[in-house]
Amino acid sequence: MKKRFSKLALALSLAACAMTAMVVTASAQPTEEDFVISVEDGKATITSFNKDYIGEVDIPSTIKGYQVTKIADGAFKDCTNIASVSFPTAITSIPDEAFYRCSNIMNVTIPSTVKGIGDSAFLGCGRLGTIEIPDGVILIGAEAFRGCSLLSSIE
């Protein structure tokens, strides 16, 4: 009887994990309210993001009428329910710890306008499987992909 209960408990645990994975990969897009920005000279910098958001993040090219040109260090840090992220073409760098410990990111789309990826930018993104780094990237910071245990290819 004890072994059957253990198998049942294991099966229920696996089912719960599968349901959690399905929730994390929801396809909703964030609203402007999910982003916190600062504005300087008419340009927006994303300073933080809603830690409770679940799903894919296509960072918009404008927020509240301002062109998004920068992401602050650690802006998406610990957003553990982000499944994927893509950037607008006005972004030229992915700063230090930008996606630090975003443990469920599986896909990242980096535009050709990006020239640098900061220190620990994707540290701890354990589900990140592949990433394509544009030819124009001239700097990849220390430990940018440390802890990306499923990272099988970098192009």
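Mentor: Happy to. Let us begin with a definition: two strands pair if DSSP finds at least two bridges between them. Helices (H or I, at least four residues) and strands (E, at least two) are DSSP runs, numbered from the N terminus. Please keep in mind that this is a predicted model, in which local features need pLDDT of at least 70, side-chain atom pairs count only at pLDDT 80 or more, and totals for chains, interfaces and linings use all residues. Residues are numbered from 1 along each chain as its sequence is written, and side-chain values use heavy atoms, with hydrogens and water left out.

Now find strand β1, residues 35-40, and strand β2, residues 43-49. These strands run antiparallel and are joined by six bridges. Two residues lie between β1 and β2, which form a hairpin. In that turn, Asp 41 has a positive phi of about 55°.

Strand β2 also pairs with β5, residues 66-71, this time in parallel, through four bridges. Here Thr 45 has Lys 70 in β5 as its bridge partner. So β2 is joined to β1 by antiparallel pairing and to β5 by parallel pairing, under the pairing rule of at least two bridges.

Of its 155 residues, 38% count as buried, meaning under 20% relative accessible area with a 1.4 Å probe, protein chains only. Among contacts (heavy atoms within 4.5 Å) with a separation of 6 or more, 38% are between residues 24 or more positions apart.

Over residues 1-27, however, pLDDT stays under 50.

One last stop is the cysteines. The structure holds zero disulfides, a disulfide being a pair of cysteine sulfur atoms within 2.5 Å. For Cys 125, the nearest cysteine sulfur is that of Cys 148, 5.2 Å away, which is too far for a bond. Cys 125 is buried, with a relative accessible area of 0%, and Cys 148 also counts as buried, at 8%.

Technical notes. Buried < 20%, exposed > 50% of the residue type's maximum accessible area, 1.4 Å probe, protein only. pLDDT = per-residue confidence, 0-100.
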